[in-house]
Amino acid sequence: MRLTEEQEELRSAVRAVLGRHPGEAAWRPLTGQVGVAGLAVPEEYGGAGYGAREVHVVMEELGRELSPVPYLGSAVLVVRALLASGDAAACARLLPELASGTVVGALAWAERGSWDPSAVRAEAAPGPGGSWRITGAKEHVLDGAEAGVLLVAARSGAGVSLFEVPVDGAGVDRAAAVTMDSTRAQARVVLTAAEGRLVGAEGEGERVLAHVLDLACAALAAEQVGAAARCLEITLAHAGQRVQFGRPIGSFQAVKHRLADAYVLVESARSAALGASFAAAAGDPELSRRAAAAKSACSEAFSAVAGEMIQLHGGIGITWEHDAHRYFKRAHGAARLFGPPAWHRARLAADLGLPMA
C-alpha cells in the first residue's frame with residue numbers, strides 16, 4: 001500500500017503550514033490555502049472530491065504536531081455523517097460552509113462513555129410542523145462548545161436517528177469539558193426538549209453512526225501513527241545527544257533495543273492504519289474489521305511509544321516545558337476516543353465469530 005505522489009505533496013503542504021502556524025492559528029491557512037476541510041466533500045457541495053487516503057495524510061500530519069484544529073470532529077465526523085445520511089437537502093445546506101472551513105461542525109453521539117451506536121438513549125419526540133424535540137446528554141463532543149453546526153444522535157420511535165439542532169436554540173446547553181489532553185477540545189452537550197430537524201431517514205441513524213465509527217477509527221489511527229512517529233524521532237535525537245559515562249545513551253545496547261522495539265511498533269501501526277484508510281477509500285466490505293484492528297493496534301502502539309519517550313528522556317521527560325507529557329496525554333486520550341482497544345478487539349472477534357477470552 002503506497003500513497004501517490006499527489007498525496008505526498010499534500011503531506012508536504014500540510015506540514016509546511018503547520019510549521020509556520022502553530023496551534024489553533026493553523027486552521028485558517030489549512031482551510032484557505034490547502035483546503036483540508038473540503039478534501040472529502042464531493043465537488044457538487046464545494047469540496048475537492050477526494051477521500052480517506054487524503055484524510056489519512058492530513059491526520060498523520062496533525063498528529064505529528066498535536067494540532068488542536070477542529071479537523072477530526074468537523075471534516076471527518078460531521079461531513080461523513082451528512083454524506084452517509086443520504087439527505088441531499090441537508091448536504092446542500094450544510095456542506096459548502098463546512099468544506100470552506102468558515103463553519104465548524106460537531107457530532108453529538110457518545111453517552112455514558114459509550115460510542116456504540118446501539119447505546120444511544122437520548123430521546124427524540126415529534127414536535128409541531130414536522131420538527132422534533134430532543135432530550136438527553138452527550139459526552140466527548142469534539143469541538144462541541146464552539147461549533148456552528150450541531151448534529152445529534154437520538155432515539156425516535158423508529159430507532160436511532162440523526163438530527164440537526166440549532167446551536168443557540170432553546171434547551172441547548174454546551175459546556176467545554178476539562179480533559180487530560182488540552183489539545184483536543186471536547187464538550188458536554190445537554191439537550192432539554194431542544195428543537196431539531198431530521199437528517200436522513202428516521203431510524204437510519206444507527207447505520208450512519210456505524211459507518212462513521214469505522215471512518216473515524218481509520219482517521220484517528222492515522223493521527224496516532226503520526227504522533228507516535230514524532231515521539232520516536234524526538235527520542236532518537238535525544239538518544240544521540242544525551243551523554244552519560246562519556247558516550248551518547250543511544251550507543252548502549254539496552255537503549256538500542258528499546259528504540260528498535262518502538263520502531264517496530266510504529267511501522268506495524270502504520271501498516272494497520274494504511275490498511276484501514278485504503279479499505280475506506282475503496283468502499284471495501286472489510287472496512288469494519290480493518291478499522292477495529294487499526295484503532296486497537298495504533299492506540300496501544302502510540303501509548304507504548306509515548307511512554308518510552310518519557311522513560312528515555314529521563315528527568316526532563318516529566319517536566320512541563322518538554323513536549324513529552326503532551327504526547328503522553330494525547331496517547332491516552334486518543335486510546336479512549338471512539339472506544340478503547342479492548343472494545344474494538346471484541347467487535348473484531350464478534351465479527352469473525354471468535355470467542356473472547
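How do the residues of the lining of the largest pocket divide into nonpolar, polar and charged? In this predicted model, local features need pLDDT of at least 70 and side-chain atom pairs count only at pLDDT 80 or more, while totals for chains, interfaces and linings use all residues. Residues are numbered from 1 along each chain as its sequence is written, and side-chain values use heavy atoms, with hydrogens and water left out.

The lining comprises 12 nonpolar, 5 polar and 5 charged residues (Ala, Val, Leu, Ile, Met, Phe, Trp, Tyr, Cys and Pro count as nonpolar; Asp, Glu, Lys and Arg as charged; the others, Gly among them, as polar). A pocket here is an open set of points on a 1 Å grid over the protein atoms alone, where a 1.4 Å probe fits, with protein on both sides within 12 Å along at least five of seven lines; lining residues have an atom within 4 Å of a point. Glu24, Pro68, Asp143, Glu146 and Ala185 lie nearest the centre of the largest pocket.

Turning to the second largest pocket, His140, Gln186, Gly333, Arg336 and Leu337 are the closest to its centre among 14 lining residues. By class, this lining has 5 nonpolar, 6 polar and 3 charged residues. Helix H9 (residues 324-336) gives the most to it, with 3 residues; helices are DSSP runs (H or I, at least four residues), numbered from the N terminus.

Within H9, Ala324, His325, Tyr327, Arg330, Ala331, Ala334 and Ala335 are buried (under 20% relative accessible area, 1.4 Å probe, protein chains only).

Terms used:
Helices (H or I, at least four residues) and strands (E, at least two) are DSSP runs, numbered from the N terminus. Buried means under 20% relative accessible area, exposed over 50%, partly exposed in between (1.4 Å probe, protein chains only).
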